[in-house]
Amino acid sequence: MAVTKRTKEILALLDEHYSTDYKCYLNHDNAWQLLIATMLSAQCTDARVNMVTKDLFVKYKSLEDFAGASLKELEQDIHSTGFYHNKAKNIIACARELVEKYNGEVPNDIDALTNLPGVGRKTANVIRGNIFHEPSIVVDTHVKRISRKLGLTKEEDPVKIEYDLMKKLPKDHWILWNIQIITHGRSICTARNPQCEKCFLNHLCRKAEQ
């Protein structure tokens with residue numbers, strides 16, 4: 001795949017400022033914990049999810065515990081993450097399917113993952129990238145917003161953005177893109193008050209050019 005000079009410069013600057021270390025912002029000890037944490041992270045900050053899962057994974061020590069959980073009780077346990085009714089319902093259904101169909105193992109196939117209750121492409125790619133180290137692009141709010149600003153996509157739909165980025169980024173940066181862009185989105189290119197004057201990508205930003 002031909003990577004443009006401009007994209008290469010963007011990637012080099014991101015590597016320089018944020019390193020190329022793989023980092024997951026959701027605390028977990030295994031694949032199913034990361035799967036549940038990622039499901040909880042929808043419309044919720046990673047910091048809040050980590051606060052909730054600190055106690056949650058002590059109370060529910062296995063997928064079997066989640067599969068047999070009381071819906072009302074789990075709703076209370078995850079209430080502060082928002083959308084707790086749907087999240088609790090999906091977590092219980094997902095845990096049951098993993099126990100019954102996959103013998104308690106989280107699959108690495110994208111189709112198998114996205115067929116699980118409550119699991120979309122974003123969650124599936126988090127698992128594939130962080131657990132199985134499969135080149136995957138996770139499109140969260142930071143990736144969507146900043147990828148558009150940098151001119152790497154014009155799309156609004158996360159799946160279309162994912163495919164645009166797969167075409168424009170080398171595979172060795174697919175996982176890194178999410179990690180680095182999250183860091184950039186939290187520290188410099190924030191949604192409400194971007195610090196464009198401090199941004200090392202400012203000269204490459206299509207939004208800044210406008």
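A residue counts as buried under 20% relative accessible area, as exposed over 50%, and as partly exposed in between, using a 1.4 Å probe and protein chains only. The model is predicted, so local features need pLDDT of at least 70 and side-chain atom pairs count only at pLDDT 80 or more, while totals for chains, interfaces and linings use all residues. Residues are numbered from 1 along each chain as its sequence is written, and side-chain values use heavy atoms, with hydrogens and water left out.

Start with helix 1, residues 5-18. Helices here are DSSP runs (H or I, at least four residues), numbered from the N terminus. Helix 1 has 14 residues and reaches 20 Å from its first C-alpha to its last. That is close to the 20 Å expected at 1.5 Å a residue, where the expected span is 1.5 Å times one less than the number of residues. Its buried residues are Arg-6, Thr-7, Ile-10, Leu-11, Leu-13, Leu-14 and Tyr-18. These residues lie on the same side of helix 1 because they cover an arc of only 160° around the axis, taken from the directions between the helix axis and the C-beta atoms. The face turned away from that buried side carries the exposed residues Lys-5, Lys-8 and Glu-16. Just after helix 1, Ser-19 takes a positive phi of about 70°.

Now turn to the interior. In soluble globular proteins, nonpolar side chains tend to be buried together. A nonpolar core is a set of buried Ala, Val, Leu, Ile, Met, Phe, Trp, Tyr and Cys residues joined through side-chain atoms within 4.5 Å. The largest one holds 36 residues. Leu-35, Ile-36, Leu-56, Phe-66, Leu-74, Val-106 and Val-119 touch the most other members. Helix 2 (31-40), helix 3 (46-59), helix 4 (63-67), helix 6 (84-102), helix 7 (110-114) and helix 8 (121-130) each supply at least two residues of this core. Helix 2 gives the most, with eight residues.

Look at Val-119 for its contacts (heavy atoms within 4.5 Å). Val-119 touches Leu-35, Met-39, Cys-94, Leu-113, Thr-114 and Ala-124, not counting residues up to four places away in sequence. A second, separate core has 24 residues, including Leu-13, Ile-161, Leu-165 and Leu-204.

Charged pairs come next. Side chains of opposite charge can pair when their charged atoms come close. A salt bridge puts a side-chain nitrogen of Lys or Arg within 4 Å of a carboxyl oxygen of Asp or Glu. The structure holds seven of them.

In one, the side chains of Asp-77 and Lys-59 meet at 3.0 Å, N to O. Asp-77 lies in helix 5 (residues 71-77) and Lys-59 in helix 3, so the pair ties together parts that are 18 residues apart in sequence. Asp-77 is partly exposed at 25% relative accessibility. Lys-59 is also partly exposed, with a relative accessible area of 39%.

Glu-75 pairs with Lys-72, the closest N and O atoms being 4.0 Å apart. Both lie in helix 5, three residues apart, about one turn of the helix. Glu-75 is buried, at 6% relative accessibility, whereas Lys-72 is exposed, at 58%.

Glu-162 bridges to Arg-121, with the closest N and O atoms 2.7 Å apart. Glu-162 lies in helix 10 (residues 158-168) and Arg-121 in helix 8, so the pair ties together parts that are 41 residues apart in sequence. Glu-162 is buried at 4% relative accessibility. Arg-121 is partly exposed, with a relative accessible area of 27%. Finally, salt bridges that share partners join Lys-59, Glu-73 and Asp-77 into one network.
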